[in-house]
Amino acid sequence: MPSLGTSFGRGGATDFQQDLQNSDCIVIMGSNMAENHPVGFQWVMEARERGAKVIHVDPRFTRTSAMATKWVGIRAGSDIAFLGGIVNYILQNDLHFEEYVKHYTNAPVIIEDTYVDTEELDGLFAGWDPEEGKYDSSQWRYEGMETHGAAGQREEGFSPKGEQSGHGGHGGGLHHGEPPSEDPDLRHPRCVFQILKRHYQRYTPELVADTCGCSVEDFLYVAEALAQNSGRERTSAFCYAVGWTQHTVGVQYIRTAAIVQQLLGNIGRPGGGIVALRGHASIQGSTDIPTLFNILPGYLPMPHAEYYGGFDNFMAANTSPTGWWGHFKAYWVSLMKAYFGEHATEDNSWLFPRLPRIDEDNSAYWTLGQMLEGKVKGYVVAGENPVVGNANGKAHRLGLSKLDWLVVRDVVEIETASFWYDSPEIESGELKTGEIGTEVFFLPAATHTEKDGSFTNTQRLLQWHWQATEPKLDCRSELWFYFHLGRMIKQRLQDSEEERDALVKALRWEYPTHSQIQEPSAEAVLAEISGWEIGSGTFLDGYPKLRDDGSTACGCWIYSGVYKDGINQAARKRPHWEQTYVAPEWAWAWPDNRRILYNRASADPDGNPWSERKKFVWWNGEKWTGLDTPDFEETKPPDYVPPDGAEAEDAIAGDHPFVMQADGRSWLYVPQGLEDGPLPTHYEPHESPFGNTLYSQRANPRRQQNQLAEDPSNPVDGEPGAELYPYVVTTYRLTEHHTAGGMTRSVPYLAELQPAMFCEVSPELAAEAGLEHGGWATIYSARSAIEARVLVTDRIPPITVHGRTTHQVGLPYHWGSRLLSSGDSANDLMHMTLDPNVHIQEVKAATCGIRPGRRPRGKALPEFVAGIREQAHARRETAPKAEPADVRETTA
Amino acid sequence: MQPTGVPAGWEAYGDEKQERVGFFTDTSVCIGCKACEVACKEWNLVPEDGLVWTGESYDNTSTLGANSWRHVAFVEQRKPLHVPSEPEPGQTEDGGRGDGDALRWLMSSDVCKHCTHAACLDVCPTGSLFRTEFGTVVVQEDICNGCGYCVPACPFGVLDKRDIASDRPGSMGHKPDLPASLGTKEDGRVWKCTLCYDRLKGGHEPACAKACPTKSIQFGPLDELRERADARLAKLSDEGWNGAQLYGRDPGDGVGGFGAFFLLLDDPEVYGLPPDPVVTTKHVGAMWENMATAAAVLVVGVAAAFLGGRG
Amino acid sequence: MNTEGSISGRGTEMRSYYGRPVIKEPVWTWEIPTYLFTGGLAGTSSVLSLAAKLHGNEKLSRTALYVGAVADAVSPALLVSDLGRPERFHHMLRVFKVTSPMNVGAWVLLGSGGASSTAAVLELLGRLKPVKLAAEVAACFFGPPLATYTGVLLADTAVPVWHEGRQELPWLFGASAAATAGAAACVFLDPADARPARRLAAAAVAVEGTVMHAMELRLGELGEVYHQGQAGKLSWAAKGLAGAGAALLARRGRRRRGAALLGGAMICAGEMCLRWAVFKAGFQSARDPKYTVGPQRERAARNGTRATTKPGEPAGHASRGT
Amino acid sequence: MALAKLLASWPVVRQLQQGDPLGLGPAVQSRRSRSLVPRVDEAEHVVQSICPYCAVGCGQLVYVKDGEITHVEGDPASPISRGRLCPKGQATKSYAQSPLREYKVKYRRPYGNAWEELELDAAMEMIADRIVETRAATWQAKTEEGKPANRTMAIGNLGGATLDNEENYLIKKLLTALGIVQVENQARI
């Protein structure tokens, strides 16, 4: 993600789960780890038993809170205020880890005077273009330097996409080798450290309490706990999940935590770091080797239609003179050789001219918009259930009804496959089976036990799973489906002379198959991903071996080495009791089997461990050594100073641990690579019953809104009609179910544990809205209305913000209209306004109304929803022409 | 029968006798994930028994029974997890509203106690229930004839009769092994935790203990577990945990000590457990004597009816 | 569903788990209370029959013999039909367990039933007099235990109202059995021959009432279940029917055949109600956790408990709970 | 003799013989109970796998007999999970053998009212045709500004976070060659 990527250089969790046992303080925020990652949570419990503080900051008191040594309840959508308060607390009290901050972060770097802070522009950064609704980030850069965004984000105007925010994504590049101008004493008014101080000075404990709805004491407890448990002798860790990413400022949530961890010196050290907890078995893998529109394997950017300038410009734009991105061309050419073999040559620019081009946004929600306009004809869905799992399920179902053909691959018949005869819109009459022209293919899929393959888990670890049984009847793996589909399409086009078919004909598409069903060999694919030397055919042992002359082929440069020596490194299963706790011989982690990223930072600038207690990787006089693969050139001494004009990794000094960054430092301040500002700032969610305490700029000005009729927004604070949707609603998962439920509502043993859709409300809200425990409630937004059983509980207390008390409604989002346990989908209520960096929807904080009883049925349902929506609209019309605070960017 | 701490019938195994094993369930680390419930059902092929939403916190299993051999209880309390060192000003006894420290959520995985003196075992008329070589108590599914006597005999309400018909659509797990002549009648037998008797015979730990993500469920030799529990209780009381207590650890209790005992954070009844269980067959000797007297008096009574001439 | 405390579990005063029972209700169905009745009838009739024989009252002896035999034949049928797996009824005889009243009962019923039916058949055929006599003696030997062990059967459970009534139940059931046997004989006999049966029935009803009263006294608060719900209605009906039946039998039953028949029938009905009352009371006391937790808490308060070990307490600190 | 044997197998007799007078232990143990063997010991092979649910990446052991999964439990060797599993991971066998699992292709023709049966091969041919036709009909060689586009904007692909790396690799490789750029997955959801 741009957050971790821009801050540190790589968009992956910086630490591994087992290492949490070494933490002295663990802050779990934006995550319900005990419920959604129960087995990983054992390492948090280990830390707790060793005396570590475990703090859970969350709107709800969950099973995680029950295990924590401290729970702090805050309002959903106020995390940046809370974390910004911690930054301010650290800076005001000089609690930062000075030596770490001075040497390893960009705190000393001086920023151009074109930069103006939100504090001066009332919530906007310099470079805001109200017409475009975008920032010109060139006004944020290092003094005297042209900066570059991260890969996959470098072409001008190109913005980071994909959950590489949260996943992949990389740091920025600086356009020449010389170090930027700095003030080692951190006193210069325009140095990052001072800018940071000014930016957060108003985030006082009182403001935090007033904005988040927590007590000053609770806030201070967290801030002090972190400060006291960081430094040479101690380390603290953050754990987060989609509770942070699913916001219109999601990337900046994580950025704020990154700033806290940099100031406290907790990155690259044992028991420290930021652990991103992914929700799916291979969600990290599906961004490293992306099924995302804007990147190619290893976070190489897809070429962009608008800014096309030919191969050489593309290379120039994406190659950073300094840091490991200096070898961009080698990564790119090797990928093209893996894709197109002998057809990709120097002479034809490695087929670059024939590659498809993307627009700024071709993400899932954009595609849905196109679908609703009838522009999308065919759609293939493999192992996903968007009509339940995505925001605004209704819009998705309407979109599917406009397709010519749809292919759904899953193990059970999920709601996405049955939308045409079994869905809320069929029930309400908004869709009629006989009038839906979509041709639907449902293909039964194979489970992971029926195929070989590797998952990349939340700590960047590639773990191989072997096939246990043969898939029955028509069940097939995705590997089988796409391989044979490709084979058949190539057959159809083999004699074509069409320009458009040249690339298909050039495609390398031979993989050995086995068994009666002709299953392709997953290991053969893994070998291609890892790469080989074309001449000798020897397998590569890592990305440093990649060449830009077409002599190497590699399907994903960051995974290079996973098949070194012709051995499936991901399938290594050496038991943990035969190794150190780092377990380097269990599976394989990218990059280069490193388990803690930037681990050179676990030693001081001279290369000695910060302390005996936190010893991990150090300089022994000749080389870097320790418990992990050093994330540094093995023999580069701590006192190495790059000569003038040094390039790529040679331009990184011996005391700069963040080797993917152009300047080798972690970034407190991000001069380029983010759409919505170099520093995180508190904005209210797109839908919120409250105004912004800090600025008249209420919400993130850069948030990505749509004009779809199917996706209206609720009126918000300051707008008449807001009182019709007075409560904060947040969605979440339960231990007993998995995401959209296809893999759990179909399993009797799991369905019986949480058999019905319910909503969590406080006794106070129940009294106010007349809800009865165990009865039914109807929850509604401008999009739709759903019903749920009422669970009255103290675990979701009312919150007082700006002296006004309001309530929060908690909704698990696992349910849909089918399978063993069915119910209304929480996501039907949610809007599709997105984070600008990664196009993630804001389902963790929105507004809603709630009333007792079951929802209207049939056509009464849309009428009910429209009724309230129009009532709200009417009030807006009749209201005095006082411009709501939000109006500026709603026009954007 | 006075508690002696030694299970009757166990000694009789002679050489085949194994070390007595059991569970120590430490609820202070239970995250309420219910992996134990699922692991148990997966291994023992226990049927899914209905999709009923109770509204009782996150507990939709409700109770131990024929189709739930592990049951995770959820108790939400306005009560601090730790005893406040000194009473904080303005804080009510059970914690002020909105004070997160005064909110706690107890979770506890309940299971058959495998009592040292087990009433279910004593009263079973067929010998279906028996004491294994590991000192555990097991229902033999090939013997049980569903008389149901053990059901009300258990002081913990652990056992129950399985009434799921063998042909129930969509039901997973066990199918009753009924003779064809009886068609698809309900199972009719009584079921409970076997402490994975078959796994023990193979040297594997019980499914629930193996799965437990935080090792709230610990399996091992009973003596060892009791030592571990004592140490754990001492640690928790040092840390000031509110209401920490061991339940069923003492061989001197009414059932001679549990084979599966617990560390609780409140009184047993809060978790639906009896505060002072006593093996129901404790008085069976006295009851027989009492009955014999009554029977004798009955004979005398009948005889007396014939006294005093004809007519 | 929920009783104490808000359903969100708020409040430490919540002393039960969402008001759910701590123990399980019995799974027994209508066959069991019916068997309590027929078993008692069978057992006591065998005794009555032999006593009458010794006393020279052949008619009474024969009637009681037949009644007993029939009741003895019905009883096992009822028990088998109550089993979850009837085809496995014979597993009852796999073992001999003194700790299992049901197992002991099975053996007793086998003996009693075998003996009385043999005797009855031979009586019908009028052959093998010595064998018949032996059978009658055997039946008389198994009879009294059969009539009273059912009290132990119920008492030897965790069902509060049964377990705490363990002192009285065998006596109550014994008396009930005597009343039933006497009354049944009166129904089939000419009053002239039924005098001992009449006296037995009337006296037994009186004793039964006293025992019942004593039991309720001992049960204390627990005893209230005998005045609530179905158990309440049934025990009221039991008292009424048996009492009135006994009175009628004693006053008019001497001469009037009709009165004897009606009185006897009323007593039998009353005794059936009594069995059902005790049966239902058990379910009611099992259903409400307070009947399980309350007495145990009092006991623990009185004697301490070793079920729980609090910090600082050495295991085995508390005085023995009983 | 046989009778004596039968008698000796009668638990009542064993109660006396085996020093178990109360009939609580070995005397009443059935033949089945005595010869129990755990399923995992009867497996033909055990496969090391990884849990398919969340991204913790717990190790799994999959036990197989007669081509069917007989049990799934945690892999003790895994340094991450140490043999433990959550309820979802522990239910993996029931997931793979769900009563709702689909084993045959289902086809719904345009404006159709019900699913129809369709052979897998036929379905594959039809899908290949749809892609080739749609692509040809909607091909964008150039953008409005006349810059190279080389794509079709009429086909999308969704899914990947639950799939294997190798599968995602083939998806991206094939669709890129086909000029299908709308390739997305749960990463955003």
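Author: Two strands count as paired if DSSP finds at least two bridges between them, and the elements themselves are DSSP runs numbered from the N terminus (helices are H or I with at least four residues, strands are E with at least two). This is a predicted model, in which local features need pLDDT of at least 70 and side-chain atom pairs count only at pLDDT 80 or more, while totals for chains, interfaces and linings use all residues. Residues are numbered from 1 along each chain as its sequence is written, chains are lettered from A and ligands numbered from 1 in the order of writing, and side-chain values use heavy atoms, without hydrogens or water.

Let's start inside chain A. Strand β2(A), residues 53–58, runs parallel to β3(A) and is joined to it by four bridges. One such link pairs A:H56 with A:W71 of β3(A). Both strands belong to an open, parallel sheet of five, ordered β3-β2-β1-β8-β9 in chain A. At its edges stand β3(A) (70–73) and β9(A) (274–276); each has a single partner strand, so one side of each has no neighbour in the sheet. From one strand to the next the twist averages 20 degrees.

Helices pack on this sheet too. Helix α5(A), residues 79–92, touches β1 (25–29), β2, β3 and β8 (236–240) of chain A, and its direction makes about 155 degrees with that of β1(A). (Contact here means heavy atoms within 4.5 Å, and axes are lines fitted to C-alpha atoms, for helices over the stretch in contact, with angles from 0 to 180 degrees between N-to-C directions.) Helix α12(A), residues 250–263, lies across β8(A) and β9(A), at about 175 degrees to β8(A).

Now to the neighbours, beginning with chain D. Here 170 residues of chain A are in contact with 113 of chain D. About 12,400 Å² is buried between them, with carbon and sulfur atoms giving 63%; buried area is the accessible area (1.4 Å probe) that two parts lose on being put together, summed over both. On chain A's side, A:T291, A:R500 and A:M743 lose the most, together 6% of what that side buries.

A strand pairing also crosses over: β14(A) (439–444) and β4(D) (106–108) pair antiparallel over three bridges, with A:F442 partnered by D:K106. The interface of chain A and chain D holds twelve salt bridges (a Lys or Arg side-chain nitrogen within 4 Å of an Asp or Glu carboxyl oxygen). Among them is D:R101 with A:E450, at 2.8 Å from N to O. The largest share of chain A's side, 13 residues, comes from helix α21(A), residues 478–493.

The contact with chain B involves 46 residues of chain A and 44 of chain B. It buries about 3,500 Å², of which carbon and sulfur atoms give 61%. Six salt bridges span this interface, including A:R795 with B:E76 at 2.9 Å, N to O. On chain B's side, the elements giving two or more residues are α1 (35–44), β2 (70–77), β3 (104–111) and α6 (222–238) of chain B. Of these, α1(B) supplies the largest share, four residues.
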